[in-house]
Amino acid sequence: MVASLPRGVRCTTVPAAPHADATAPETATVTALTDRRPVVPAERLVAEMVPPPRFAGVSFGSYLPDSTQPSQYEAVQVLEQFAASLNGSGAAPKRSWFRRGPAAPAGPAGIYLDGGYGVGKTHLLASLWHATPGPKAFGTFVELTNLVGALTFKGAVETLSGHRLLCIDEFELDDPGDTVLVSTLLSRLVENGVKLAATSNTLPDKLGEGRFAAADFLREIQGLSAHFRPVRIDGQDYRHRGLPDAPAPYTDDEVTARAATAPGASLDDFDALLDHLKNVHPSRYGAMLDDVHAVFLRGVRPVEDQSTALRLVVLADRMYDRELPVTASGVPFDRVFPEEMLKGGYRKKYLRAVSRLVALARDSAR
């Protein structure tokens, strides 16, 4: 979020000593994420709510819809019309390759992009952000709740109420507290004229299902749903179209040797990193990756504890934002979450993390 830095903030870190194999002149300095405990100033959070570097230059024109999925073409046109309304224009630009033209958004104050993994929801959300004049903010659901924690609820309302658009990526409700908090926050912002856009893998009226007693918070969930016009995007995960499964892991020695020659490498034992994540707030995982250009992990294994697994999901999101190739030994990333977890209430989070980790592992293999 700071110029020349990955999405996150500048932080002071304590680098690990160079690896024993990194003594030759051609080797690079290797650091460890477990040595990093970044401090994120609260006053910088709002200013740094922008799309991650992966989506810094995207537009509606650079989105590549699947020719077999009409809903992807239609979603682009709906968002172009929404952007035009925010710009004060009466109509969105025409495109000959659109198959049919949905009506311009009316009624709800925002657009809610619902679809599976890798269909381009974040690309479209970032395109909307780029096409809309400021002030505006873009962040994940986790970053939004962290912002409230840093600024207080009143401070977050006062700060965000001056924005024309708030984009919320990866919208999920993991507990009742988040449900009430976000429902109240968005209601206040809508009352103050802020337009909303969000992405998720869950329809608005289904948020929270499988995680807590959603029926007890039906009013809040229905209130959230009322703010949005749902737009369904169908399609196959673009990261998996015609591509192989997760690449085979390396050996521990291979991971260590590759890290020693990779500029900006971090090298960690998987278990040690999981333990370290307990001591760093998830809002700081992005800052923990500052100046890292490639991640190397030894001994990846299935994660049995749900709290640990959810922290790994957040770290995977931040690594994916920064397009950091991941080289690892141990089990392939498509086996990092046990089958019973993939059947539980957080199934969609885990599948998203698997999709992203596999994509980063492929980047490393190339």
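Guide: We'll chat about aromatic rings, charges over rings and the nonpolar cores. Keep in mind that this is a predicted model.

Visitor: Okay, rings. How many aromatic pairs are there?
Guide: The count comes to 3 aromatic pairs. One of them is Tyr112 with Phe228, an edge-to-face pair with 5.3 Å centre to centre and 70 degrees between the planes.

Visitor: Which strands do Tyr112 and Phe228 lie in?
Guide: Tyr112 is in strand β1 (residues 110–115), while Phe228 is in strand β5 (residues 228–233), so this pair ties together parts that are 116 residues apart in sequence.

Visitor: And are Tyr112 and Phe228 buried or exposed?
Guide: Tyr112 is buried, and Phe228 is too.

Visitor: What about Tyr346 and Tyr350, how are their planes set?
Guide: Their planes are at 55 degrees, with the ring centres 6.5 Å apart, so that pair is tilted. Tyr346 is buried, with a relative accessible area of 11%, and Tyr350 is buried at 0%.

Visitor: Which residues do ring pairs link into a cluster?
Guide: That would be Phe337, Tyr346 and Tyr350.

Visitor: Switching topic: which charged end sits over the ring of Trp129?
Guide: The one of Lys136, 4.1 Å from the ring centre. There's also Arg54, which lies over the face of Tyr320 at 3.8 Å from the ring centre.

Visitor: Now the inside. How many residues has the largest nonpolar core?
Guide: It has 41 residues, and Leu297, Met319, Phe333 and Phe337 have the most contacts inside it. Several elements each supply at least two residues of this core, including α9 (306–321), β7 (294–300) and α11.

Visitor: What does Phe333 touch?
Guide: Leaving out residues up to four places away in sequence, its contacts include Leu297, Val300, Val354 and Ala361.

Visitor: Let's stay with Ala361. Where is it found?
Guide: Ala361 is in helix α11 (residues 347–365). Ala361 is also buried, because its relative accessible area is 9% and the cut-off for buried is under 20%.

Visitor: Which residues does Ala361 touch, skipping those up to four places away in sequence?
Guide: Pro247, Val326 and Phe333. Ala361 and Val295 are 66 residues apart in sequence, yet 9.7 Å apart in space, C-alpha to C-alpha.

Conventions: Residues numbered from 1 in each chain as written. Predicted model: local features only at pLDDT ≥ 70, side-chain atom pairs only at ≥ 80, totals over all residues. Heavy atoms only, no water. Phe/Tyr/Trp six-rings, centres within 6.5 Å; stacked < 30°, edge-to-face > 60°. Helix = DSSP H or I, 4+ residues; strand = E, 2+ residues; numbered from the N terminus. Buried < 20%, exposed > 50% of the residue type's maximum accessible area, 1.4 Å probe, protein only. Lys NZ or Arg CZ within 6 Å of the ring centre and 35° of its normal. Contact = heavy atoms within 4.5 Å. Core = buried A, V, L, I, M, F, W, Y, C linked by side-chain atoms within 4.5 Å.
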